[in-house]
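Trainee: Could we go through this structure together, one contact at a time?

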Amino acid sequence: MKKNLPLIILLCTFFLFSFQSKKIVKSSKADDPNVTAGVALTFDDTFVNEWYDTDKQLRKYSWKATFCVSEINTLNSSEITKLLALQKEGNEIAGHGFNHYDAKKFVAQYGIDAYLNQEIDPMLALMNFYSLNVTSFAYPFGFRNAILDAALLKKFKIIRATTYGAEAPYEQNCYYNNTRVLYGIGMDTTHPSFSTAYLKKLLNYTREHHKILILFGHKTVNKKAPANYETEMNTLKLICNFVKQNNMKFYTLSELSKSKSSPFLK
């Protein structure tokens with residue numbers, strides 16, 4: 001046994017090095033120096049007044065975001081006017097469901113056709129009536145499956161789900177990966193994966209590896225210690241300052257639907 005010990009140590013070292021190397025290669029394969037690193041900020045639900053006020057505060061950073069609107073039929077004329085103003089400023093208005101149903105549960109019970117008839121088609125019709133140019137969709141609660149993806153990709157250029165966990169940044173899937181189905185990670189203060197320290201790690205990894213980070217929040221607030229489904233203004237300012245100081249870019253979801261050969265990625 002003692003005679004074989006050096007050989008065993010050598011083999012263990014070889015396998016350990018090989019495993020680590022494969023992880024490194026897997027991570028670096030996705031890097032593309034032609035991509036301008038950046039962030040796609042997305043916000044869900046019906047917090048139009050808060051989004052509008054946030055946009056006015058953050059314009060100095062040349063920011064832009066995608067506002068994924070649900071229950072469009074419940075908004076008043078003032079809120080619709082604000083959505084149009086946000087769109088005119090270069091932000092994107094996306095869909096988030098007519099009734100904000102859990103898509104997977106609904107389809108499992110009633111089928112995909114009923115989901116499209118009740119949740120998607122009336123939403124698109126009303127948003128089109130209001131002159132909102134909707135080409136992207138964010139799943140309510142982030143829940144999805146292949147059946148839903150196939151149906152919705154016939155109606156939208158790109159769709160966003162959600163991801164959780166606080167893995168090392170290179171193990172996360174909250175980056176644009178040249179596909180039409182994206183996964184965003186939460187920036188609400190009470191989101192299970194959120195912390196300022198972890199956000200900074202994601203931003204640094206995004207910059208260093210020429211990636212585009214996908215983030216999602218809900219109601220934007222100026223107060224500290226926000227409630228559930230609230231993104232603190234200090235978080236958004238941290239992101240905006242990082243993007244500006246590192247010559248990165250803000251992207252909307254619809255911009256990410258373009259091919260990698262498109263000028264927007266140069």
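Trainee: Which salt bridge does E208 form?

Mentor: This is a predicted model, in which local features need pLDDT of at least 70, side-chain atom pairs count only at pLDDT 80 or more, and totals for chains, interfaces and linings use all residues. Residues are numbered from 1 along each chain as its sequence is written, and side-chain values use heavy atoms, with hydrogens and water left out. A salt bridge here is a side-chain nitrogen of Lys or Arg within 4 Å of a carboxyl oxygen of Asp or Glu. On that basis the side chain of E208 meets, at 3.3 Å from N to O, the side chain of R207.

Trainee: Is E208 buried, exposed or partly exposed?

Mentor: Buried means under 20% relative accessible area, exposed over 50%, and partly exposed in between, with a 1.4 Å probe and protein chains only. R207 has a relative accessible area of 29% and is partly exposed. For E208 the relative accessibility is 48%, so this residue counts as partly exposed.

Trainee: Which residue forms a salt bridge with E230, and is E230 buried or exposed?

Mentor: The closest N and O atoms of the pair are 3.5 Å apart, and the partner of E230 is K223. K223 counts as partly exposed at 43% relative accessibility. E230, at 6% relative accessibility, counts as buried.

Trainee: Which parts of the chain does the salt bridge between K64 and E255 tie together?

Mentor: The side chains of K64 and E255 meet at 2.8 Å, N to O. Helices (H or I, at least four residues) and strands (E, at least two) are DSSP runs, numbered from the N terminus. Because K64 lies in the loop between α2 (48-58) and β2 (66-69) while E255 belongs to residues 253-256, the pair ties together parts 191 residues apart in sequence, namely that loop and helix α9. E255 itself has a relative accessible area of 17%, so its state is buried.

Trainee: How many salt bridges does the structure hold, and which residues are linked in a network?

Mentor: The structure holds 10 salt bridges. The network of salt bridges links D55, R59 and E89.

Trainee: Which side chain does N91 join through a polar contact of 3.2 Å?

Mentor: N91 is placed in the loop between α3 (77-88) and β3 (92-95), and at 5% relative accessibility N91 counts as buried. Its side chain also reaches the backbone nitrogen of A65 at 2.9 Å. A polar contact is a pair of N or O atoms within 3.5 Å, where within protein one must be able to donate a hydrogen and the other to accept it, and residues adjacent in sequence count only if both atoms are side-chain atoms. The side chain joined to N91 at 3.2 Å is that of D55.

Trainee: Over the face of which residue does K211 lie?

Mentor: A charge sits over a ring if NZ of Lys or CZ of Arg is within 6 Å of the ring centre and within 35 degrees of the ring normal. K211 is at 5.7 Å from the ring centre, and the face belongs to Y175.
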